[in-house]
Amino acid sequence: MNFSIVIPYKDNSPRFLKYCIESLENQVYQDFEVIFIHNQSAFLVNYLEQSNLNYRIIENSSETIPHFRNAGIQASVGEYILFMDVDDFLHPNALIYAKQMIDENKDSTSVFKFRIAKTDLDKKSTLKLNKKSFYRSSTFDNLSKWLNDRGFRSLDESEVVKDLFNYNVIPHNFSTFTAGQYFAKLSYHLKAHSFIIRRDFLLENELIFDTRNDLYADIPFLVRLYNMVDAIQQTSTKLYYKSLVVHETF
């Protein structure tokens, strides 16, 4: 399995949970598991029963995000761990893009990252605005019509998109950053969400989240990480969406 996606859950808004899960269900590349860690959230358990995700739920008696993430690291079986927040979502092509980037650099790089876009729009509107990153929404429909008119079989969009990446028709460009360059933007690069890290690298270096400080636990984790690696590969395209909308309560 390529990816384990670790998502802590602390009774966030139902709308944002829906965006997050839908974005994972709609991934073109499906070789991944999702690990939700929570503390007695009946809502999360009931909601996931409607999902077709390959998911696991881990109940943790702690109420802190660092404990949740550490439990997710230990439970994961994927070669790479992606850290997500439950109020974020991914572009449908995010994981196939990440796979191509990783496959090209896996012998030299252990840490990868999605470039982040902040949004105050709903998921549908956000993705519509960002469709230009790959191809227009009408492109696939027009291509299918062209092939059908000439007697070819209908297309499975997910399979076609995977092939477009595999044959480099759709680029998977990325940038390489040194740890020093990330330190130069501390306020932006001291959050764990959007990082994709080789699981064995985390375990071999005993790299876990500091459970003594829930609010700033990401900082010591990422400072240690930056000191352990020479470079981080980051997608050129923004594929990870961080919502700026105020959460609902329920």
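The close-ups below come from a predicted model, in which local features need pLDDT of at least 70 and side-chain atom pairs count only at pLDDT 80 or more, while totals for chains, interfaces and linings use all residues. Residues are numbered from 1 along each chain as its sequence is written, and side-chain values use heavy atoms, with hydrogens and water left out.

**View 1**

View 2. Rings of Phe, Tyr and Trp (its six-membered ring) pair if their centres lie within 6.5 Å, with planes under 30 degrees apart called stacked, over 60 edge-to-face and the rest tilted. By this rule there are ten aromatic pairs. F83 and F209 have ring centres 5.3 Å apart and planes at 85°, so they make an edge-to-face pair. Because F83 lies in strand β4 and F209 in the loop between α9 (199-204) and α10 (218-228), the pair ties together parts that are 126 residues apart in sequence; helices (H or I, at least four residues) and strands (E, at least two) are DSSP runs, numbered from the N terminus. The rings of F195 and Y226 have centres 6.4 Å apart and planes at 50°, so this pair is tilted. F195 belongs to strand β8 (residues 195-198) and Y226 to helix α10, 31 residues apart. Both F195 and Y226 are buried (under 20% relative accessible area with a 1.4 Å probe, protein chains only; exposed is over 50%, partly exposed in between).

**View 3. Strand β9 and its partners.** Ten of the 13 residues in β9 are buried. β6 pairs with β9 in the parallel sense over seven bridges (two strands pair if DSSP finds at least two bridges between them), and here K113 stands opposite Q234. Strand β5 (residues 88-90) pairs with β9 in the antiparallel sense over three bridges, with F89 opposite Y241.

**View 4. The largest nonpolar core.** This core (buried Ala, Val, Leu, Ile, Met, Phe, Trp, Tyr and Cys residues joined through side-chain atoms within 4.5 Å) has 34 residues, and L24 and F114 have the most contacts inside it. Helix α4 gives the most, with seven residues. Apart from it lies another core, of 24 residues, including I73 and L202.
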